[in-house]
Amino acid sequence: MKQFYKSKNLLRLSFLATILFSTATVFNSCKDDDEDEFQDHLVQFEAKIVNGGTAPTPPVSTFKTIITQVGTKQEQLFDSPGLLWTSGEFFVNSSQSQLNFAANANLLNADSKLIVSIYIDGEVAETDTIEGSGTKHVAVAHSFLEL
């Protein structure tokens with residue numbers, strides 16, 4: 001009778017230990033998944049006009065439209081002066097998933113260039129260039145989602 005009583009307690013004790021171990025494992029695995037899901041990144045948009053050939057003084061190449069989009073928030077800037085436009089640095093959480101940047105400009109010469117770039121954490125993540133004269137358009141996009 002004593003041996004039956006001891007084996008019954010041993011069975012209860014091992015069942016309790018199994019339940020506790022399983023519960024602890026589930027809580028630890030769920031905690032690890034949530035911590036590193038999204039990260040903040042330092043982002044900057046840049047558009048640049050490079051006048052080719054012999055540009056008149058003063059240069060008349062101008063940005064007509066600059067469009068930035070972070071997630072679903074879109075901003076538009078019209079008739080920006082100068083040959084270089086930057087957004088300044090700002091933080092974006094990777095949960096926003098998508099960055100879009102586009103610009104169009106009136107270029108002077110056949111070898112003039114319009115260059116747009118997206119910098120993420122200080123490095124060029126996306127860039128594109130178009131060359132020619134007249135009104136030119138170029139766009140780039142970056143996704144934080146790993147496909």
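I began with threonine 68, which counts as buried at 11% relative accessibility. Buried here means under 20% relative accessible area, exposed means over 50%, and partly exposed lies in between, with a 1.4 Å probe and protein chains only. Threonine 68 is found in strand E2. Strands (E, at least two residues) and helices (H or I, at least four) are DSSP runs, numbered from the N terminus.

Before going on I noted what I was looking at. This is a predicted model, in which local features need pLDDT of at least 70 and side-chain atom pairs count only at pLDDT 80 or more, while totals for chains, interfaces and linings use all residues. Residues are numbered from 1 along each chain as its sequence is written, and side-chain values use heavy atoms, with hydrogens and water left out.

**Entry: contacts of threonine 68**

I looked up what threonine 68 touches, leaving aside residues up to four places away in sequence, and found Phe45, Lys73, Gln74, Glu75, Trp85, Asn100 and Phe101. A contact means heavy atoms within 4.5 Å.

**Entry: the whole chain**

I found 1 helix and 9 strands in the protein, in the pattern α-β-β-β-β-β-β-β-β-β along the sequence. The protein has 147 residues, and 27% of them count as buried. Of the contacts with a separation of 6 or more, 64% join residues 24 or more positions apart. The accessible surface comes to about 10000 Å², and 56% of it belongs to carbon and sulfur atoms. Such areas come from the Shrake-Rupley method with a 1.4 Å probe, and for residues only the protein chains shown count as cover.

**Entry: confidence**

I checked pLDDT, the predictor's confidence in each residue, from 0 to 100. The protein averages 84, and 84% of the residues score at least 70. Where pLDDT is low, the predicted coordinates should not be read in detail.

**Entry: the sheet around E2**

In which order do the strands of the open sheet of 4 strands stand? I read E3-E2-E6-E9, with antiparallel pairing. Strand E3 (73-78) and strand E9 (134-143) stand at the edges with a single partner strand each, so one side of each is left without a neighbour in the sheet. The twist averages 10° from one strand to the next.

I then followed E2 (residues 62-70), which pairs with E3 in the antiparallel sense over 6 bridges. Two strands pair if DSSP finds at least two bridges between them. Isoleucine 66 stands opposite leucine 77 in E3. E2 and E3 form a hairpin with 2 residues between them, and glycine 71 in the turn has a positive phi of about 65°.

Most residues other than glycine have a negative phi. I noted serine 97, which is not a glycine and has a positive phi of about 65°. Serine 97 lies in the loop between strand E5 (90-93) and strand E6 (98-107), and is partly exposed at a relative accessible area of 21%. I also noted aspartate 121, not a glycine either, with a positive phi of about 55°. Aspartate 121 is found in the loop between strand E7 (113-120) and strand E8 (123-131), and counts as partly exposed at 45% relative accessibility.

**Entry: aromatic rings**

How many aromatic pairs does the structure hold? I found 3. Rings of Phe, Tyr and Trp (its six-membered ring) pair if their centres lie within 6.5 Å; planes under 30 degrees apart count as stacked, over 60 as edge-to-face and the rest as tilted. The rings of phenylalanine 45 and phenylalanine 90 have centres 5.9 Å apart and planes at 45°, so the pair is tilted. Phenylalanine 45 lies in strand E1 (residues 40-50) and phenylalanine 90 in strand E5, so the pair ties together parts that are 45 residues apart in sequence. Phenylalanine 45 is buried at 1% relative accessible area, whereas phenylalanine 90 is partly exposed at 26%. Phe45, Trp85, Phe90 and Phe101 form one aromatic cluster.

**Entry: glutamine 39**

Last, I looked at glutamine 39, found in the loop between H1 and E1 and partly exposed at 44% relative accessibility. Glutamine 39 and asparagine 93 are 54 residues apart in sequence, and their C-alpha atoms are 5.5 Å apart in space. Beyond four places in sequence, glutamine 39 touches Val92, Asn93 and Ser94.

Technical notes. Axes fitted to C-alpha atoms, helices over the stretch in contact; angles between N-to-C directions.
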